[in-house]
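Student: I'd like a close look at one part of this model. Please keep it brisk.

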Amino acid sequence: QFGGASWLRPLDKNPWDKEGGVIAWLMGETDDVGFLQTIFGRKWSMRHRETPTIPFSVNDSLQLLKGMDNLPSLHQSLMHDQPIDVAARVHTDKSFERVVQSMRTPVESGGLKRLKSAAMSRSKGWFATDWANQTGVLNFLREENLTSDAEFAERGDSWTFVLNQVQGANDHLRALHHSLWAYFGLDTALNAYLSAPDAQGLNIHTDPHDVFVLQVEGMKLWHILEGESLNIQHDLLLTPGDVLYLPSGVYHYAESFRNSSSLHITAGVFRDYFTAAGLLAAWLVRGDGLLDEALSDDAIDKIDSLRNQFFGCCCLDANHLLASSLSIPLLRAFDRSDLPQGLSFRCSARLREVATKLTAIMRAEGSEEEAQDLERRLAKLSCDPQMLMNAVFALREYHWFRHYNSHQQKELRSSVARQELPSSRARFRRCADASAMCSTSGALLLNGYCFSEFPSGAMSAFRFCMGLHSGASGKDFSLSDVPGPHEVARNAVQILLQFDGLEQISKEMDA
């Protein structure tokens, strides 16, 4: 019985579920570890496909833009300090009671849920020639009476409309946004770019984050600039279904063609806090005694300041994630006990190597005082690398709550109204797009829900089921494999099934 949870509804299986995960669906990479190790953050990559990627059209974009009159002010849309609502008290049986604290977006309906803000732009080469905010967008749409793709193609006047954070526009975009967040464990955002014919929307630029470009309608010609003189080295034609990955720092621009409009979606992935520079900054702040189990605003400000200082040194090793063998467990492990053996020592050793390179760069640039300060603070750090792991999991928890305080919870695939208790013969597996961790206070954080009360032994069951390097380790298991009293294990599995932590593989044990 789930009181107060009637707003939840089933969502059909996503297309990437059939292709081995969101990265396989986007880039055709069956080895996602290989993608993280050889491509992500290092070089651009493109995938040609023959089918559109997501149900979102030019007409949908125009309707979203026309509905911006209902958008709250930008100031209101950025406020995320609303109190947490208790959405539902879960009763699976008398001995297994849960309080589900639901991280809800501050404004629950209307424009904010579907679109954050918008602008319109025209550029030529390196220069932006015209720009207007969302008021200008609304005025232009009214004056030209643009309601369809054909009208936009005829009277769009070479403008590009930028729709910021469209992940709330429909269920599939919300699911894509969540899957990317769950896969990377990094902040993500979806923007849409609607270009009239013969348009260069943005000037030549680089992005401070990594970008996946999904071409949805029409065609667009992308130009990538490289070398010391920043000349065009690659011309890439994107047609519906194509996906282009651009790491942070790659100079580029895009143009639509003369005879048709174009729509593409960008999925931005922000790795700042979990690069070597970000982790080193958090570790140093933890060593200064300013980082408790839960991050304070003051600690975040100090981490930001240090991280930006390290970024400014232009050290490639500092501005990347750690090697995938280190970064994947750090970003996905359920808790510290789920980390591979020896990982904390390897991470701390690698960060000390990066710090040595940073001090050398600082000295070469004449910043002797900054170099000495970094060396002094490193010397103060305990030899126990658990101080680093405390900082990492405090950062992860902070970003988990910040993410779901800004975005909706995951749209659940199955109804949470009432389900039968799982059979002892069924087999289960952790969902590929489950965002799960144990909080510093011992709560279960799962897909935007915080389970803060459960009986003794339940966390051991959760840890087994959701473990990636311990417990089930992401593999199939049966109810009899779950540790603890049978009743507690069964109810723990039911909770995880209902909130998309687990999926049921089969009803019978394998022969």
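Student: Which strand pairs with β6 in the antiparallel sense over four bridges?

Tutor: Strand β7, residues 187-195, is that partner. First, some ground rules. The model is predicted, so local features need pLDDT of at least 70, side-chain atom pairs count only at pLDDT 80 or more, and totals for chains, interfaces and linings use all residues. Residues are numbered from 1 along each chain as its sequence is written, and side-chain values use heavy atoms, without hydrogens and water.

Now β6 itself. The strand covers residues 160-164 (strands are DSSP E runs of at least two residues, helices H or I runs of at least four, numbered from the N terminus). β6 is mostly covered, with four of its five residues buried (under 20% relative accessible area, 1.4 Å probe, protein chains only).

Helix α12 spans residues 343-364 and helix α13 residues 368-380. They pack at an angle of about 160 degrees, and their axes lie 7 Å apart (axes are lines fitted to C-alpha atoms over the stretch in contact; angles run from 0 to 180 degrees between N-to-C directions). α12 and α13 are therefore roughly antiparallel (over 145 degrees). Where do they touch? Contact (heavy atoms within 4.5 Å) involves, among others, R352, A355 and L358 of α12 and E368, E370 and A371 of α13.

Notes
Parallel < 35°, antiparallel > 145°, perpendicular 65-115°, else oblique. Buried < 20%, exposed > 50% of the residue type's maximum accessible area, 1.4 Å probe, protein only. Pairing = 2+ DSSP bridges.
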